[in-house]
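Me: I have a model open and would like to know what stands behind the labels. Could you go through them with me?

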Amino acid sequence: MSQAPLKVAVIGAGPAGIYASDILVKKTGGNVQIDLIEQMPAPFGLIRYGVAPDHPRIKGIVNSLHRVLETEQIRLISNVHIGRDLTVEQLKEHYDAVVFATGAVGDRVLDVPGADLEGVHGAGEFVGFYDGNPRFNRDWDLSAEEVAVVGVGNVGLDVARILAKTGDELKVTEIPDNVYESLSKNKAHTVRVFGRRGPAQAKFTPLELKELDHSPTINVVVDPEDIDYDEASLEARANSKSQDLVCQTLEGYAIREPKEAPHTLQIHLFEQPVEILGENGKVTGIKTERTALNGDGSVSGTGKFTEWPVQAVYLAVGYRSDAIDTVPFNSEKNVINNDGGHVTELDGTIVPGLYATGWIKRGPVGLIGNTKSDASETIGMLLDDAEAGKLSHASEEDITETLKAAGVEFLSWDGWKNLDAAERALGEAEGRERKKYVEWEDMVSHSRG
């Protein structure tokens, strides 16, 4: 007699949840039923709401995720909030196992004086705005002429590039009208990106850094004084082709003739923000301390301070995950407490049947590719537990019956196809591939067809 299919809920339909579902289907030979439960009305997580709109190349990953969601063993149930529409206890009753892949959308804070001034923003808030995430602001004050971005990773680069481009350059993308309205009024002519370490420690990917220069409206500047390496930095370069390319690109920006362009985007290395300056509660500048390499790739302050006039500061110092009701959470690391896959109590005891993958498991680091190996590790543990008989058996009842009884207006994969078609039609009318609906109710009603 063939074994009954494993019944699994995966919470979060971003890359982490979709990869975990795909690996589950493959490793069980299809003997699995997966409900992919998503809080938003649309799937794809940070690919839809975290990637800059002028990066359609990365959005191409949606096509491969789309194919996974067409798999017959995977059912998308969206517009469902765990902790409000369903409890974790209900999930445990309905499924053999539950995998949390809820990602990270909050912003980490920078612990410096002035971080609470008006004009200081988390990069994630701005990304949520320009990517049309219905949970974020609909308009944005872009009256600042000089802007600081703190953080030398790809999110910082995205924010800086969007701030340095014109609204018309971005109108060809999928941005909604409200985003275009705000961006078309953008007054920024100088955007400064600050990182406390050097070129060999910058967390950009080479292509992102190179693409900065593709816009005719942006002159990218790096001070030759900011190109410096110690022994550990040279070693980091030698051991990583991509880090070497980042260093080469930064060196290229440092030695070239300035480009004629209305906006300057300057990357400042070895400048550690120590205070955000303000008057009458509003940002007027940022104070940095010059740092120098110690020989091991780390840096120390030199005691030399500079004040840069800026009227807005964007903090791209990392995303932060949110806790889920009744699931053990490590509030220092902002992750679900885990041993690499199993959810664990704070004392390390395994919580049977609960698992974590992606950024909610390891924090917001690494690229989309890292998410695959991460999911593989978690699913390996889940399947080992299933084989060892450590999973409790799920009830026969379908979770959709529970949702209907509670009056929850959940959506399906067919609903996403309706919304997708509606957004494409909206974009086509303006010669664009897609134009996003930004209001939650609009997304739900178009999903309903």
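What follows is a short exchange on the terms used for this predicted model.

Me: What makes Tyr19 a contact of Ile368?

Reply: Contact means heavy atoms within 4.5 Å. With neighbours within four places in sequence left aside, Ile368 has such contacts with Tyr19, Ile47, Ile58 and Ile61. Ile368 is also among the residues that the unreviewed UniProt entry annotates as "binding site", including Glu38, Leu46 and Trp359. From that set, Leu46 is part of the lining of the largest cavity.

Me: Why is helix 6 described as largely enclosed by the rest of the structure?

Reply: Buried means under 20% relative accessible area. Seven of the eight residues of helix 6 (residues 123-130) are buried, so the helix is largely enclosed. Among them are Ala123, Phe126 and Tyr130. After helix 6 comes Gly132, with a positive phi near 70°.

Me: Which residues have the most contacts inside the largest nonpolar core?

Reply: They are Phe126, Ile267 and Tyr314, in a core of 49 residues. Helix 7 (residues 154-164) gives the most to this core, with six residues. Apart from it lies another core, of 40 residues, with Leu24, Met40, Leu69 and Ala375 among them. Beyond four places in sequence, the contacts of Tyr314 include Phe126, Trp140, Val159 and Leu163.

Notes: Residues are numbered from 1 along each chain as its sequence is written. This is a predicted model: local features need pLDDT of at least 70, side-chain atom pairs count only at pLDDT 80 or more; totals for chains, interfaces and linings use all residues. Side-chain values use heavy atoms; hydrogens and water are left out. UniProt positions are given in the numbering used here, feature names are shortened, and annotations may be inferred rather than shown by experiment. On a 1 Å grid over the protein atoms alone, a cavity is a set of points where a 1.4 Å probe fits but cannot get out, and a pocket is an open set with protein on both sides within 12 Å along at least five of seven lines; lining residues have an atom within 4 Å of a point. Buried means under 20% relative accessible area, exposed over 50%, partly exposed in between (1.4 Å probe, protein chains only). Helices (H or I, at least four residues) and strands (E, at least two) are DSSP runs, numbered from the N terminus. A nonpolar core is a set of buried Ala, Val, Leu, Ile, Met, Phe, Trp, Tyr and Cys residues joined through side-chain atoms within 4.5 Å.
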